[in-house]
Amino acid sequence: MTTIQTVAFDDQKPGTSGLRKKTRVFMQPHYLENFVQAIFNAIGGAKGKTFVVGGDGRFFNDRAVQVILRMAAANGAAKVIAGRGGVLSTPAASNLIRQRKTDGGIILSASHNPGGEDEDFGIKFNMANGGPAPENITDAMFREASVIVSYNIVESQDVDLNAVGETTLGGMAVEIVDSVADYAALMEQLFDFDAIRAMFTSGFTMRFDAMCAVTGPYATEILEKRLGAAPGTVTHGTPLPDFGGMHPDPNPTWAHELMDEMMGPDAPDFGAASDGDGDRNMVVGRGVYVSPSDSLAVLAANAYLAKGYAKGIAGVARSMPTSAAVDRVAKDLGVEAFETPTGWKFFGNLLDAGRVTLCGEESFGTGSDHVREKDGLWAVLLWLNILAKRKESVADILQAHWRKYGRNYYSRHDFEAIETEKANAMVSALRKLLADLPGRSVEGMTIAAADDFAYTDPVDQSTSAKQGVRILFEDGSRIVMRLSGTGTQGATLRLYLEKYAESGFDQDPQEALAPIIRAAHELADITGYTGRVEPDVIT
Ligand code: G16
């Protein structure tokens, strides 16, 4: 065991979901090591503790796992459980942390961001409940990283990450586990595999685009092997360190191959994609895209059809920028609905307290109390379970949903890699305007209220301020703006747009939202501040 002298880096502040930087930033001497030591220091040390470690298999994943094993050993950890090859999807890691009753886990991923030596890498810590560390812990990591002077590491040969079984490293136990088995077993407990298998046997067709990322082996095992979907249902199913050059973000822009197929003449009945680390999902029916906010609402309304949720759901939660479609379902079911800041970590307390069963976000994340992360394949299987039970198409299920609840037209416009100062100037100017906005008319709509979203956690009363600017119109329409906390280059402006309709469900969302889009540009002067006229990505 050696103690290495180091110097603090000033940029190790975790964002929405851990520390994400360019891979080369992580590869510079001491950078990863400093942050790993800061994690251990922030959680009161590693001595005698058991951790899970794994990542989405992107470039540098295997090297980082070796470093973390050697540092865990040097910091006195009792045991580390790692996925084979150092690979675990984020939901599978969350499940392992919970199943094995460990003290937490370190997950390596930059999620939906591209991978490779010149792309992105990331690291985050999940707590013993399986969920991302809350803000007081991530703040402590930043404090530790800012004053760090040394870290502990064992000098050793690499551990063979492909040898499933137990070994030791510097007195610490290391267990390498099959990355898929425990997760697949959990899915069998939640969903009616017999009903889904019968649907596939009777000719139901599906395409699952794993985008050369971590879910390939999980989807192949569950969909093709256990549920009998036709071989080839899973495409891009082999995880690659650079995701085969793909941008593993399951949205209509980046999963365009799947979208083209689903909108084409020979579309399968159902399509889905997931992201780099397997926690996000996109769901598409034949000829119809399901927005993540609508997907959450449909899942909440129909969850009782799956055996894991047959007793009903306790409540639902969504991030503030997510559309209010799920709130209408909660009202109908007579259960609580919560509105949290962006970031899965804000759902943890509500899930732990049993206040909510399902939660979701507009950013292609849906999940439940089965783990403490969003879970892409879980959402796909719940959809399959619902389709198998209702025996209707995705399009018919959506139409019936809107007829019952109305439709929340919704879209998000992303303006990426803006110069940080310009983006900050735009947001501060908008914040200063807020108090004067109520009563003002724009694009023929009157503003009813405007604020900067602040959240008080109903369980532990912790507070989070400045979580996004909201402009609410008298007709219930809404504009939300915030800067992304997951980007690695400049600033990304997220503009969220929503409009509720009680009838007329077949409009193109961009057309239905056109006046609101114009109002947002006018109020925030997006072009004036950033020079941007059109968004880079529309979801
Ligand atoms: C992370 C968080 C999500 C969040 C998303 C987008 O997802 O876990 O809760 O909605 O980022 O955040 P932002 O708008 O700040 O970029 P992931 O899949 O990247 O881990």
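Modeller: Sorted by class, the residues lining the largest cavity are 3 nonpolar, 10 polar and 12 charged. Nonpolar here is Ala, Val, Leu, Ile, Met, Phe, Trp, Tyr, Cys and Pro, charged is Asp, Glu, Lys and Arg, and polar is the others, Gly among them. Keep in mind that this is a predicted model, where local features need pLDDT of at least 70 and side-chain atom pairs pLDDT 80 or more, while totals for chains, interfaces and linings use all residues. Residues are numbered from 1 along each chain as its sequence is written, and side-chain values use heavy atoms, without hydrogens and water.

Biologist: Which residues lie nearest the centre of that cavity?

Modeller: Thr16, Arg280, Ser363, Lys374 and Thr486, out of the 25 residues that line the largest cavity. On a 1 Å grid over the protein atoms alone, a cavity is a set of points where a 1.4 Å probe fits but cannot get out, and a lining residue has an atom within 4 Å of a point.

Biologist: How much space lies in the largest cavity?

Modeller: About 260 Å³. That volume is the space filled by probe spheres set on the points, with grid points joined across faces, edges and corners.

Biologist: And how many cavities does the search find?

Modeller: Across the whole structure there are 4 of 30 Å³ or more. The second largest cavity holds about 90 Å³. It has 15 lining residues, with Gly18, Lys124, Phe125, Ala133 and Thr138 closest to its centre.

Biologist: How does the lining of the second largest cavity divide by class?

Modeller: Into 8 nonpolar, 5 polar and 2 charged residues. Strand β6 (120-126) and helix α5 each give at least two residues to that lining, and β6 has the largest share, with 3. Helices (H or I, at least four residues) and strands (E, at least two) are DSSP runs numbered from the N terminus.

Biologist: Pockets next. How much space lies in the largest pocket?

Modeller: About 1,000 Å³. A pocket, unlike a cavity, is an open set of points, with protein on both sides within 12 Å along at least five of seven lines. The largest pocket has 38 lining residues, and Gly15, Thr16, Leu483, Ser484 and Gly485 lie nearest its centre. Its lining comes out as 9 nonpolar, 18 polar and 11 charged residues.

Biologist: Where does the largest share of that pocket's lining come from?

Modeller: From α15, with 5 residues. Elements that supply at least two residues each include α15 (420-433), α5 (135-147) and β26 (491-501).

Biologist: Changing topic: what's Pro132 up to, buried or exposed?

Modeller: Pro132 counts as buried because its relative accessibility is 16%; buried means under 20% relative accessible area, exposed over 50%, and partly exposed in between, with a 1.4 Å probe and protein chains only. Pro132 sits in the loop between β6 and α5. Beyond four places in sequence, Pro132 touches residues including Lys124, Phe125, Trp344 and Glu373. Touching, or contact, means heavy atoms within 4.5 Å.

Biologist: And where is Thr90 found?

Modeller: In helix α4 (residues 90-99). Thr90 is buried too, because its relative accessibility is 0%. Apart from neighbours within four places in sequence, Thr90 is in contact with Ile107, Lys124, Asp277, Asp279 and Glu373.

Biologist: Now the sheets. In what order do the 5 strands of the open sheet run?

Modeller: β11-β10-β12-β13-β14, with mixed pairing; two strands pair if DSSP finds at least two bridges between them. The edges are β11 (234-235) and β14 (288-290), each pairing on one side only. β13 (residues 281-285) is antiparallel to β14 over 3 bridges, and Val284 stands opposite Tyr289 in β14.

Biologist: Which helix packs on that sheet?

Modeller: Helix α9 (residues 256-263), which touches β10, β12, β13 and β14 and makes about 15° with β13. Axes are lines fitted to C-alpha atoms, for helices over the stretch in contact, and angles run from 0 to 180 degrees between N-to-C directions.

Biologist: What about the open sheet of 4 strands?

Modeller: Its order is β16-β15-β17-β18, and the pairing is mixed. The edge strands there are β16 (336-340) and β18 (365-368). From one strand to the next, the twist averages 15°. β17 (residues 358-361) and β18 run antiparallel, joined by 4 bridges, and Gly360 has Thr366 in β18 as its bridge partner. Helix α10 (residues 292-302) lies across β15, β17 and β18, at about 170° to β17.
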